[in-house]
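Please walk me through this structure, one selection at a time. Tell me what to pick next in the viewer and what is found there.

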Protein chains: 2
Amino acid sequence: MDFFVVLSLAFYLKKPLNENIGMKKEDLIECQIRIAPYIHRTPVLTSRLLDKMAGADLFFKCENFQRMGAYKMRGATNAILQLTEEQRDKGVVTHSSGNFAQALSLAAKSLGVKAYIVMPSSAPQVKKNAVEEYGGNIIICEPTLKARRAAAKKIEDEVGATFIHPSNDLQVITGQGTACIELLGEQPGLDFVVAPVGGGGLIAGTGLAAHYFGKDCKVIGAEPFEVDDAYRSLKSGKIELNKTTNTIADGLKTQLGDKNFPLILKYVDSIIRVTEDEIINAMQLVWERMKIIIEPSSAVAFAAVLREKKKFKGKKVGIIISGGNVDLKNLPF
Amino acid sequence: MDFFVVLSLAFYLKKPLNENIGMKKEDLIECQIRIAPYIHRTPVLTSRLLDKMAGADLFFKCENFQRMGAYKMRGATNAILQLTEEQRDKGVVTHSSGNFAQALSLAAKSLGVKAYIVMPSSAPQVKKNAVEEYGGNIIICEPTLKARRAAAKKIEDEVGATFIHPSNDLQVITGQGTACIELLGEQPGLDFVVAPVGGGGLIAGTGLAAHYFGKDCKVIGAEPFEVDDAYRSLKSGKIELNKTTNTIADGLKTQLGDKNFPLILKYVDSIIRVTEDEIINAMQLVWERMKIIIEPSSAVAFAAVLREKKKFKGKKVGIIISGGNVDLKNLPF
């Protein structure tokens, strides 16, 4: 669907977003319009050389060019925009040491809202600096899940800030899905959309978007073998955990949640796992051939397409390039 | 001037390109139309963050997204297209170990012409592989200028191939200028265009283009202190040489020539020199903030803008990002 059709349709729709799995097409359209003034409409790039390599027509939705360098800006913006005036006055809080910490900080700053970011003491200084640069207020805690949650809860209680989960939040999920809506707006005939799976927010939103805006468009998740919790969860039908997190794709170490997992079960066709070498190879190919900087988590999606060439042969394949935030002083090449 | 105006104007113009400094606007327009089917129209990108840093409005003409990863594709394509049928049948020859070797190989391949590339035995294997990948026929010679010239001359004599110089050739110069024509087509009000200076082909073509298509648009060259031959040449009025070539900007080590120097004297306002640290810093800023891969030679132009902030304060500044071919295994960060 064209973006302008989306825009015009929206004037007829005034319903609030459903807080359950029965999310409607209108909810996604409204979200798209709501966040549009605060995000970049990122380009969809192609490469004849990579097409040839993959044996398919690839369309890279470049969220590495998104504000703060990742799709997370979409979900963070939508979540804050859905708060009441009173809630906004008291600020938002999350725990994250990755892109969502930066996204919530920048989205909050853009909207004149205070953001409290709980980060583990083990977080690299470069990530702390980025959050501060975007105006987030950092609260340092012990590097355990328990300590993170406690620190966030304390902020909720003390200043009345609203907790926003990086991936297990329907407003966040819907926001992340808008990247796929835009992609399908430009390429309505996609047979597949492939996205990386970490906490599950992006893949759930992508699933929803493809369901409503695609034409028989299958959504495939991509995951490192080293953190294949989503692959196993889809097999077993319940949320599985990772025992190790030994992957270069640092954005994909988190686990699924009770809000995004039902959507993943319903709208995601399958999950392809890739090795660490395949991730690094895919990342290098995109850097060298497309001249764009993508982070390892994004390379996971392209690696999946290269791994299962038969599945994608001759098809039109959308790939969500989730972000481009890398530490240049610590590259895998 | 808009690209479509250029296109429509072209139907009224049928003159051959002038082989002297009195090159006409029509020559540039014809060149633009001639090469358009064989090159990418690259995007002009902006960054609010880098604008803020520079205190100016910056417009990056991204030739790193050009075919084979550099603007050299433009000049190489134009030079081959200007040959007679008979000349094309016998092929083209050049000596280069850099981007022009790849550009001539790919341009020749696209046009069904044979390309002979003389490379010094010292050229890195990665560069030889790239030339072969694009279909060029490599002739290895001793790593001296004399040996290079002799090897190229031998090919000219033996197979009748036409020699095409990487930068000191009016067809090549005119081709390189088309990047600036496109840039000014999108941003007609530019106060400055800044481009790196190596062999002088790009800066001469850019000077010509700004002269005919800009409105009081000044062209500034950018050069490392370590290889400031063009800076000194502009001061002395004659072609000066480099005594050392100790710079990370490996595309800028070559010297000016008798075809491009008169154009540079006439159309280039001044040359700004930058340190190696400034080049690396500028390169890192573009990689981290814009998420695009640019080579050190391209970073030289942006570094010049950051170095002389007063000069560019509040101005609209075009920057030619000349290319994005870097060895990821050998980065300066």
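Start with Gln66(B), in the loop between S2 and helix H4 (72–81) of chain B. The model is predicted. Is Gln66(B) buried or exposed? Its relative accessible area is 4%, under the 20% cut-off, so Gln66(B) counts as buried. Now show its surroundings.

Next, select strand S2 (residues 57–62) of chain B. S2(B) belongs to an open sheet of 6 strands with mixed pairing. Step across the sheet in the order S1-S2-S10-S7-S8-S9. Which strands stand at the edges? They are S1 (44–45) and S9 (270–274) of chain B. Each has a single partner strand, so one side of each is left without a neighbour in the sheet.

S1(B) and S2(B) run antiparallel, joined by 2 bridges. Pick Val44(B): its bridge partner in S2(B) is Lys61(B).

**A helix pair in chain B**

Now select H2 (residues 25–35) and H10 (residues 201–213) of chain B. How do their axes lie? They pack at an angle of about 110 degrees, with the axes 10 Å apart. H2(B) and H10(B) are therefore roughly perpendicular to each other. Their crossing is left-handed.

Show the side chains at the contact. From H2(B) come Lys25(B), Leu28(B) and Ile29(B). They meet Leu208(B), Ala209(B), Tyr212(B) and Phe213(B) of H10(B). These contact residues divide into 6 nonpolar, no polar and 1 charged.

**Over to chain A**

Select the open sheet of 4 strands in chain A. Its order is S5-S4-S3-S6, and the pairing is parallel. The edge strands are S5 (137–141) and S6 (162–163) of chain A, each pairing on one side only.

Zoom in on S3 (residues 92–95) of chain A, which runs parallel to S6(A) and is joined to S6(A) by 2 bridges. Which residue of S6(A) is the bridge partner of Val92(A)? Pick Thr162(A).

Finish with helix H6 (residues 99–110) of chain A. H6(A) lies across S3 and S4 (115–120) of chain A. Relative to S4(A), H6(A) runs at about 165 degrees.

Note on methods: Residues are numbered from 1 along each chain as its sequence is written. Chains are lettered from A and ligands numbered from 1 in the order in which they are written. This is a predicted model: local features need pLDDT of at least 70, side-chain atom pairs count only at pLDDT 80 or more; totals for chains, interfaces and linings use all residues. Side-chain values use heavy atoms; hydrogens and water are left out. Axes are lines fitted to C-alpha atoms, for helices over the stretch in contact, and angles run from 0 to 180 degrees between N-to-C directions. Angles under 35 degrees count as roughly parallel, over 145 as roughly antiparallel, 65 to 115 as roughly perpendicular and the rest as oblique. A crossing is left-handed if the near helix is turned anticlockwise from the far one by less than a right angle, and right-handed if clockwise. Contact means heavy atoms within 4.5 Å. Ala, Val, Leu, Ile, Met, Phe, Trp, Tyr, Cys and Pro count as nonpolar, Asp, Glu, Lys and Arg as charged, and the others, Gly among them, as polar. Two strands pair if DSSP finds at least two bridges between them. Buried means under 20% relative accessible area, exposed over 50%, partly exposed in between (1.4 Å probe, protein chains only).
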